[in-house]
Amino acid sequence: MGYELRAHTADIAVEATASTRGGLFAALADGLAAAMCESTPAGGDRFAIDCRAESLEALCYEYLDQLIYERDVRLVLPVDNEAHVTDADDEWTLTASARGVPLSEVDAREVKAVTYSEMVVDRRGDEWYGYVVFDV
Amino acid sequence: MTTTREFQGITLERIRDHVWEIPQSGEMRVPARVLASEALLEDIGEDKTLQQLKNATQLPGMTKYALCMPDGHQGYGFPVGGVGAIDAEEGCISPGAVGFDINCGVRMLRTNLTYEDLQGNEEELVDTLFENVPSGLGGGGVVETDIETVEEILERGLDWAIEQGYATEADRLHCEDEGRRPDANADYVSEKAKNRGKNQVGSLGSGNHFLEVQRVTDIYKDDVAEAFGLAADQIVVLIHCGSRGLGHQVCSDYVRRIEQRHGDLLESLPDKDLAAAPARSKLAAEYYGAMGAAINFAWVNRQLITHQTRKVFERVFGRDWEALGMELLYDVAHNIAKKEPHEVDGETRDLYVHRKGATRAFPAGRQEVPRAYRDVGQPVIIPGSMGAGSYVLRGGAESMQETFGSTAHGAGRTMSRTQAKEDYWGETVQDELQDQRQIYVKAQSGATIAEEAPGVYKDVDEVVRVSEALGIGDAVARTFPVCNIKG
């Protein structure tokens, strides 16, 4: 359970597993933070994120895209992510939160965007598995 | 002589020196071509570049062939170093074939300083540039703006920068498209994108973006170098960055909108990151307008960094930037799609030429080339790694026929960022560059230097050699780093 950073020629990938869909999304988000910064200090306020999409993959894309957006406008690195995913009426919904560490307090490098390239969000046996490539 | 090569089940046939073709088969609409020496082909064949190139041939309207330049490598959806010319009436336009960093590009500034003039000032110069050119994550921009100003930048590009005193008329005349895309439309750029852009106007970002002070080490074509204003031992400045978060958001937004509105086309494609809007559709027009606006934003971004660089040189060398001869040589995009007229089978057709990690390389005589260079060909700037040389080329005579007027954009990576951090230690790379090669590097973190170590890039000399052999870009001058700042 958790995430690993995986090699990609020019960019970077995150592979994650969790027992729930929400746990998987949070682990992928933590991987995104790790791709930008090796270690983060305590502190920073939590903020909420809500997303909706027509599929689980699309929801994953929307969520990670929203985290990158929040990073640029709040000027914080979103860490310690928590997420809850539900589905109803052909729509997937995510309710999430993150702790925003001010960028001024970390040495972080930029991830430009989430991509669909090789994206996997899938149930494998008794756990949820995800793989996402980020453009650096 | 080898006539075929196979990588991961994909067979390439050798057409002639440096030209390899994946023949049309299955779902491919046209063949694919890789322009590479045998050595470069070995690198290109190692990852998923060839599969991505093959996938790209399935985009509707792809004309003649999908191309991979000599510095090509795996991207997402469409390979980096990819060129795809797609019919602008019956085909499509694909944000993934442009890239997230719309108008990521390079510009070169000349100076009238020589390397001797600069020696002894390297540390002060690299420190002052680092202090004055915003870089890294959350480093802000040269100016803090609001949504209204961002919209002006999106619509007017360099004309805005001239009006605000950040650019000159000469800057405008030496920029691709004179720094303003005619089809730009800020209304098609989302509020999210504008919000991301408003505190990043005039910033390098991080990753492979940099500002580098270089010295000209070699001149290969005296007459063209003279037209470009380049001479041996001259100091020049190279700036490499793009449209920052604003451009990234434009791409992300349109990938999703296309997925939602043109799912039928997407389902026929082998990779979601090839998401494309059919030509003549409302969404294609909106993306083209938004992309044009992001292109304008990137030109202004590089212009504001130019402004800061000129101020830094004034401070360090005690003369006005005009007296230091700090004129713009050229600014060229390498993540872009533009509607261009091209001759195909004896007929002139409008094509959306997608260049993702590829540079326009128009030869002498084309009206799109700035008047100052129209007799010699468009300048093409190909950066190498921070430990190797960079090149200035001119668009080659064969480029229109062979590559829809395109060539390579850099050295191209061969090693992942995760592997680079295992193989290199940033501070060691920094010390070695300074002690052994007199290259002064300053970055926001050691990890950035490790990820961008010279050893993670292909041999830029070989990339340029292939470009020259094919006649798509001719080497004019070579430069070598003196100072480098990174985010």
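The buried residues of helix α4 (residues 122–132) of chain B are L125(B), V126(B), T128(B), L129(B) and F130(B), where a residue counts as buried if 20 or more other C-beta atoms lie within 10 Å of its own, as exposed if 12 or fewer do, and as partly exposed in between, with C-beta atoms placed from the backbone. Helices (H or I, at least four residues) and strands (E, at least two) are DSSP runs, numbered from the N terminus. The buried residues of α4(B) pack against β9 (210–219), α12 (282–317), β19 (440–443) and β20 (473–486) of chain B; contact here requires that the C-beta atoms of two residues, placed from the backbone, lie within 7 Å. E124(B) belongs to helix α4 of chain B as well, and E124(B) is partly exposed, with 15 other C-beta atoms within 10 Å.

The structure is a predicted model, in which local features need pLDDT of at least 70 and side-chain atom pairs count only at pLDDT 80 or more, while totals for chains, interfaces and linings use all residues. Residues are numbered from 1 along each chain as its sequence is written, and chains are lettered from A and ligands numbered from 1 in the order in which they are written. The pLDDT, the predictor's confidence in each residue from 0 to 100, averages 96 in chain B, with 100% of the residues scoring at least 70. For the complex, the predictor gives an ipTM of 0.95 and a pTM of 0.97.

Another helix pair in chain B involves α12(B): α10(B) and α12(B) pack with their axes 9 Å apart, at an angle of about 170 degrees. Axes are lines fitted to C-alpha atoms, for helices over the stretch in contact, and angles run from 0 to 180 degrees between N-to-C directions. The angle makes α10(B) roughly antiparallel to α12(B), since angles under 35 degrees count as roughly parallel, over 145 as roughly antiparallel, 65 to 115 as roughly perpendicular and the rest as oblique. Residues of α10(B) in this contact include L246(B), V250(B), Y254(B) and I258(B), and those of α12(B) include L283(B), Y287(B), M291(B) and F297(B). The contact of α10(B) with α12(B) divides into eleven nonpolar, two polar and three charged residues; Ala, Val, Leu, Ile, Met, Phe, Trp, Tyr, Cys and Pro count as nonpolar, Asp, Glu, Lys and Arg as charged, and the others, Gly among them, as polar.

Turning to the sheets, chain B contains an open sheet of eight strands in the order β1-β2-β3-β4-β5-β6-β14-β13, with mixed pairing; two strands pair if DSSP finds at least two bridges between them. β1 (4–7) and β13 (335–344) of chain B stand at the edges, each with a single partner strand, so one side of each has no neighbour in the sheet. From one strand to the next, the twist averages 40 degrees. Helix α2 (residues 49–56) of chain B packs on this sheet, touching β1, β2, β3, β4, β5 and β6 of chain B, and its direction makes about 105 degrees with that of β5(B).

Within this sheet, β2 (residues 10–16) and β3 of chain B run antiparallel and are joined by three bridges, with R14(B) opposite W20(B). The two strands form a hairpin with two residues between them, and H18(B) in the turn has a positive phi of about 70 degrees. Strand β3 (residues 19–22) of chain B has W20(B) and I22(B) on a covered face, and V19(B) and E21(B) on an uncovered one. Four bridges link β3(B) to the antiparallel strand β4 (residues 32–35) of chain B, where A32(B) is the bridge partner of I22(B). Further along, β6 (residues 78–87) and β14 (residues 347–356) of chain B share six bridges and run antiparallel; G84(B) has H354(B) as its bridge partner.

In chain A, three strands form an open antiparallel sheet in the order β3-β5-β4. β4(A) and β5 (residues 91–102) of chain A are joined by eleven bridges, and A88(A) stands opposite E91(A). Helix α1 (residues 21–36) of chain A lies across β4 and β5 of chain A, at about 155 degrees to β4(A).

The contact between the chains takes 38 residues from chain B and 29 residues from chain A. On the side of chain B that touches chain A, the largest share, eight residues, comes from α10(B).
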